[in-house]
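Dear colleague,

I am handing over to you the structure shown below. Please look through it first; my findings follow.

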Amino acid sequence: MSKLSHLNAKGHAHMVDVSGKPVTAREATAEAMVTLSEDAFTAVMEGSAPKGDVLAAARIAGIMAAKRVPDLIPLCHPIAIAKAQVEFEPDADTHSIRITATTGAEMEALTAVSVAALTLYDMIKAVDKGAVIETVRLIAKSGGKSDSYKAPAAPLKASSNRPKPKTLMGEVAAPRAAQDQRRDAFRAFMTSRRLRPTLWAKQAGIASGEILSFLTGRSGGLSPDATEKLARAAKVRVEDMFR
C-alpha cells in the first residue's frame with residue numbers, strides 16, 4: 001500500500017507541499033445517481049416541481065461547489081478552475097437521473113456531483129422525501145502527478161441492467177442538433193401552458209410515455225399522429241408547439 005500523502009512521518013495530518021509540482025493539463029469526471037418516485041421524476045422533467053426548475057438549480061449548485069472545495073474539505077489546496085461542466089441524464093424507465101461533473105481535479109468533480117445531487121433532492125423533497133442518492137464515484141482522471149485512472153465498469157444500484165441514458169443538459173455542449181432545439185421548444189411550450197404529460201396525453205388520447213420519451217431524448221421525436229392529437233388537445237397549431 002502506498003504511503004498516504006496527507007500524513008507526515010509522525011502520522012499527523014498535514015497539507016501536502018505542491019510547490020514543486022509541474023503545471024499540467026488535468027481533467028476528472030465523477031458521477032452520482034438520484035432515484036426518484038414516478039411523480040417526482042415527472043415533476044422534474046416537466047418543470048412543475050414546487051421550487052421551480054430543479055435541474056437548473058442543481059447545475060448551478062454543482063458548478064459553485066467545484067469552486068469551493070478548499071472551504072469544504074480539509075487539506076485540499078485552492079486550485080484554478082478552468083472549467084466545470086455538469087450534465088443530467090434522465091432514465092424514464094427507472095425514474096432516475098445520472099449526474100456527471102467534469103472539471104480539473106478529482107475532489108472538485110466529486111464535490112460538484114455530490115452538491116448537485118443534494119440540491120436536486122432539496123428541490124424535490126416536497127414531492128418525494130424518499131429519493132435516494134447513490135453511486136457517487138470517480139469515473140476517470142488524467143493529468144497531474146499520479147497516473148491516469150478509469151473506473152471499472154460496475155452495475156448502477158438503481159438497476160443492474162439500466163441502459164445508458166441520454167444527455168439532457170450540460171454547461172458545455174457541442175452545437176445543438178435541430179432535434180434538440182425542437183425538443184427544447186416543445187418543453188418550453190409545455191411549461192408556458194402548465195401542461196402535464198400524463199394529463200395532456202390522456203386528453204389527446206395517446207400514451208404519456210410517448211411524450212416522456214421525447215422529453216428525455218429516448219426517442220427522436222413524436223409521431224405525426226401523436227403530434228396532431230396533442231395540438232388539437234392544446235387547441236393550437238402543430239408549429240406553435242415547436243416555436
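One aromatic cluster brings together Phe186, Phe189, Trp200, Phe214 and Phe242. Please bear in mind that the model is predicted.

Aromatic pairs

The number of aromatic pairs comes to 4. Among them is the pair of Phe186 and Trp200, which is stacked, with 5.5 Å centre to centre and 20° between the planes. The planes count as stacked because they are under 30 degrees apart. Phe186 belongs to helix H5 (residues 178–192), while Trp200 belongs to helix H6 (residues 197–204), so this pair ties together parts that are 14 residues apart in sequence.

Both partners can also be described by their accessibility. Phe186 has a relative accessibility of 0% and therefore counts as buried. Trp200 is likewise buried, at a relative accessible area of 1%. The cut-off for this term is a relative accessible area under 20%.

A charge over a ring

Phe242, a member of the aromatic cluster, also has a charged neighbour: the charged end of Arg182 sits over the ring of Phe242, 3.6 Å from the ring centre.

A nonpolar patch on the surface

Leu118, Ile133 and Val136 make a nonpolar surface patch of about 240 Å². Of these residues, Leu118 is found in helix H4, which covers residues 106–124. Leu118 has a relative accessible area of 53% and is therefore exposed, the cut-off for that term being over 50%.

With kind regards

Notes:
Residues numbered from 1 in each chain as written. Predicted model: local features only at pLDDT ≥ 70, side-chain atom pairs only at ≥ 80, totals over all residues. Heavy atoms only, no water. Patch = residues over 30% accessible without salt bridge, like charges linked within 9 Å, V, L, I, M, F, W, Y side chains within 5 Å. Areas by Shrake-Rupley, 256 points an atom, 1.4 Å probe, with all protein chains shown as cover. Salt bridge = Lys/Arg side-chain N within 4 Å of Asp/Glu carboxyl O. Helix = DSSP H or I, 4+ residues; strand = E, 2+ residues; numbered from the N terminus. Buried < 20%, exposed > 50% of the residue type's maximum accessible area, 1.4 Å probe, protein only. Phe/Tyr/Trp six-rings, centres within 6.5 Å; stacked < 30°, edge-to-face > 60°. Lys NZ or Arg CZ within 6 Å of the ring centre and 35° of its normal.
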